[in-house]
Each structure stands twice: as C-alpha cells, then as structure tokens.
Amino acid sequence: MNKLLQRIFGPIMHRMMGPPSCQELNTFLTDYLEGELPEDTATKYRKHLEKCPPCGAYFDQYQQTIDLARECRDAELPPDLVEHTLEFLRANRG
C-alpha cells in the first residue's frame, strides 16, 4: 500500500516541492527506470542525476546490476556451487 501511495502522491509532491532529494530519487528509482514517472518529474530526476555525483554513481551501479542479472538469467551454474549454496542457506536460516 505504501508503494501505491508513493506512486500516486510522489509526482504531485515533486511538482510542489521542486527538485527531488537524494532520498526521493532512491524511492522512485525503479519507476524512473521503467519510464513510469510523468515526463516533468523524470526530467527533474535526470537533472538531479547529472548534478549529484553520489546519486549518479548509485544509478549507474543499479543499472549495471540489472543488466548483469539479465545476462546471467540463463547461465548454467555448476551443480556443486548450487549444492554448496543451498547447504549454506539451510545452515544459516534465521
């Protein structure tokens, strides 16, 4: 529900309050990447990314992670790696 409220009221708040903060950028990053923000809000995000080196670096890493995950989606994992990982997860259940 919180995500729904952010989607509904986030763009309105951005228009009222001006440029997004670093925290706001992070909150709506997925929406920005998926092209789900209104164009004026997306423009404010682009400007923020251009002027804020930490957010720009975070955005680049976020995008690279998505790209790598897509590339690895069909990768064949060695069976011993899968078994070792499953054993680790079973032994470290919270």
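Tyr58 and Tyr62 sit four residues apart in helix α5, so about one helical turn separates them.

Before going on, some ground rules. This is a predicted model, where local features need pLDDT of at least 70, side-chain atom pairs count only at pLDDT 80 or more, and totals for chains, interfaces and linings use all residues. Residues are numbered from 1 along each chain as its sequence is written, and side-chain values use heavy atoms, with hydrogens and water left out.

**The overall picture**

The protein chain has six helices and zero strands. Helices here are DSSP runs of H or I with at least four residues, strands are E runs of at least two, and both are numbered from the N terminus. The chain's mean pLDDT is 82, and 80% of its residues reach 70 or more. Among the elements, helix α1 (residues 2–17) has the lowest mean, 58, while helix α6 (residues 79–91) has the highest, 93.

Of the 94 residues, 21% count as buried. Buried means under 20% relative accessible area, exposed means over 50%, and partly exposed is in between (1.4 Å probe, protein chains only).

**Back to α5**

Helix α5 covers residues 53–72, and at 1.5 Å a residue its 20 residues should span 28 Å; the end C-alpha atoms are 28 Å apart, so the two agree. The expected span is 1.5 Å times one less than the number of residues.

Which residues of α5 are buried? They are Cys55, Gly56 and Phe59. On the buried side, the packing partners are α2 (22–27), α3 (29–33) and α4 (39–51), with contact meaning heavy atoms within 4.5 Å.

**The core**

The largest nonpolar core has 11 residues, including Leu25, Leu37, Tyr45, Cys55 and Phe59. Such a core is a set of buried Ala, Val, Leu, Ile, Met, Phe, Trp, Tyr and Cys residues joined through side-chain atoms within 4.5 Å. Helices α3, α4 and α5 each supply at least two of its residues, and α4 gives the largest share, three residues.

**Aromatic pairs**

A search of the whole structure turns up three aromatic pairs. Rings of Phe, Tyr and Trp (its six-membered ring) pair if their centres lie within 6.5 Å; planes under 30 degrees apart count as stacked, over 60 as edge-to-face and the rest as tilted. Here are two of the pairs:

| Pair | Centre to centre | Plane angle | Type |
|---|---|---|---|
| Tyr32 and Phe59 | 5.8 Å | 70° | edge-to-face |
| Tyr58 and Tyr62 | 6.1 Å | 40° | tilted |

Tyr32 lies in α3 and Phe59 in α5, so their pair ties together parts that are 27 residues apart in sequence. As for the opening pair, Tyr58 is partly exposed at 38% relative accessibility, and Tyr62 is partly exposed at 27%.

Technical notes. pLDDT = per-residue confidence, 0-100.
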